[in-house]
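Hi,

Here is the structure I promised to pass on. Have a look at it first, and then read on for my notes.

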Amino acid sequence: SRLIDTASLPIPKFVEFSVLEFLRPLTGKEKDSIEALELGEKILARILLVLVRKQQAKKDWESHLEFSSCWGKVAAIKSNVATRILVSNLGGKKFGLFLIYRPENKSVEFFSLKKDINLTPLHLEVTKVDPRAAWYLHQSKRMLLCAAKISPNGNPTSLSLEKLIEVVKSV
C-alpha cells in the first residue's frame, strides 16, 4: 500500500515477520524474485484454504447442539474443519464446555474456556465406555482429546456424537 511504500504507516512490533515482509525479495536478483513469488503463491493458497474451512465451520456451527451438564451449558458440533479457536469465538463464554466431533477421522475434542473446570470425571467415564480409544486428558484438566492432531496417540473413538453427548450428560 502507499502508506507502507512511503514509510508513513506506524510500524507495529514484529512487522518484519508479516506476510508482506516474507514476500519481499531479499535482493534484486531474479532468483530471489522467483522464490518470493513462489512463496507468495504458497501463502495465498494456504490463506484461501483457511478461509474456505472457516466458512464451512461456520456453516457446521449452525447445526450445533446445546444441552446441560454438570459443567454448565455444552455446545456440541460435528465438523471435520472446525477449530477450538473458531468454535469458542462462535459460542462465546455462555458455554461451560465445548465438544467437537470429527466424523472423518472419529477424533474428539472436549474443551472449556473456564479456568475452574476439571474434566477428569469425563475422562474416567469415556475411558470406561470406550477403552480402546486413545483418550488424553491435558495437564490443564480443561481439555480432553481423542485422536486429535495434538494428542499423543491416535486410536479414534468408536462413539458417535450422540453417544458422546449421552456420556457427558451421565457424568
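This is a predicted model: local features need pLDDT of at least 70, side-chain atom pairs count only at pLDDT 80 or more; totals for chains, interfaces and linings use all residues.

Numbering starts from 1 along each chain as its sequence is written, and side-chain values use heavy atoms, with hydrogens and water left out.

**Overall**

The protein has six helices and six strands, taken as DSSP runs numbered from the N terminus (helices are H or I with at least four residues, strands are E with at least two). Along the sequence they follow the pattern α-α-α-β-β-α-β-β-α-β-β-α. Of the 171 residues, 35% count as buried (buried is under 20% relative accessible area, exposed over 50%, partly exposed in between, with a 1.4 Å probe and protein chains only). As for contacts (heavy atoms within 4.5 Å), 45% of those with a separation of 6 or more come from residues 24 or more positions apart.

**The sheet**

The six strands form an open sheet in the order β1-β2-β3-β4-β6-β5, and the pairing is mixed. Two strands count as paired if DSSP finds at least two bridges between them. At the edges are β1 (65-69) and β5 (135-137); each has a single partner strand, so one side of each has no neighbour in the sheet. From one strand to the next, the twist averages 15 degrees (axes are lines fitted to C-alpha atoms, for helices over the stretch in contact, and angles run from 0 to 180 degrees between N-to-C directions).

β1 and β2 run antiparallel and are joined by five bridges, with a hairpin of two residues leading from β1 to β2. Leu65 stands opposite Ala76 in β2. On to the pair β2 (residues 72-78) and β3 (residues 97-102): these strands run parallel, and five bridges join them. Here Ala75 stands opposite Phe98 in β3.

Two helices pack on this sheet. Helix α5 (residues 120-129) touches β3, β4 (107-111), β5 and β6 (143-146), and its direction makes about 165 degrees with that of β5. Helix α6 (residues 161-170) touches β1, β2, β3, β4 and β5, and its direction makes about 25 degrees with that of β1.

**Helix against helix**

How do α5 and α6 sit relative to each other, and at what angle do they pack? Their axes are 10 Å apart, at an angle of about 135 degrees. The two are therefore oblique to each other (under 35 degrees counts as roughly parallel, over 145 as roughly antiparallel, 65 to 115 as roughly perpendicular and the rest as oblique). In this contact Leu122, Glu125, Val126 and Val129 in α5 meet Lys163, Val167, Val168 and Ser170 in α6. By class, that gives five nonpolar, one polar and two charged residues (Ala, Val, Leu, Ile, Met, Phe, Trp, Tyr, Cys and Pro count as nonpolar, Asp, Glu, Lys and Arg as charged, and the others, Gly among them, as polar).

The axes of α3 and α4 come within 11 Å and cross at roughly 45 degrees, which makes α3 oblique to α4. Lys54, Ala57, Lys58 and Trp61 in α3 meet Leu86, Val87, Leu90 and Gly91 in α4. The residues of this contact divide into five nonpolar, one polar and two charged.

Within α4 (residues 84-91), Leu86, Val87, Ser88 and Gly91 are buried. Their cover includes α3 (30-61), β2, β3 and β4. Just after α4, Gly92 has a positive phi of about 70 degrees.

Lys93 lies in the loop between α4 and β3 and, at 74% relative accessibility, counts as exposed. Its C-alpha atom is separated by 8.2 Å from that of Lys114, 21 residues away along the chain.

Leaving aside neighbours within four places in sequence, Leu161 is in contact with Leu65, Ala76, Ile77, Lys78, Leu99 and Tyr101. Leu161 and Lys78 are 83 residues apart in sequence, yet 7.2 Å apart in space, C-alpha to C-alpha.

Cheers
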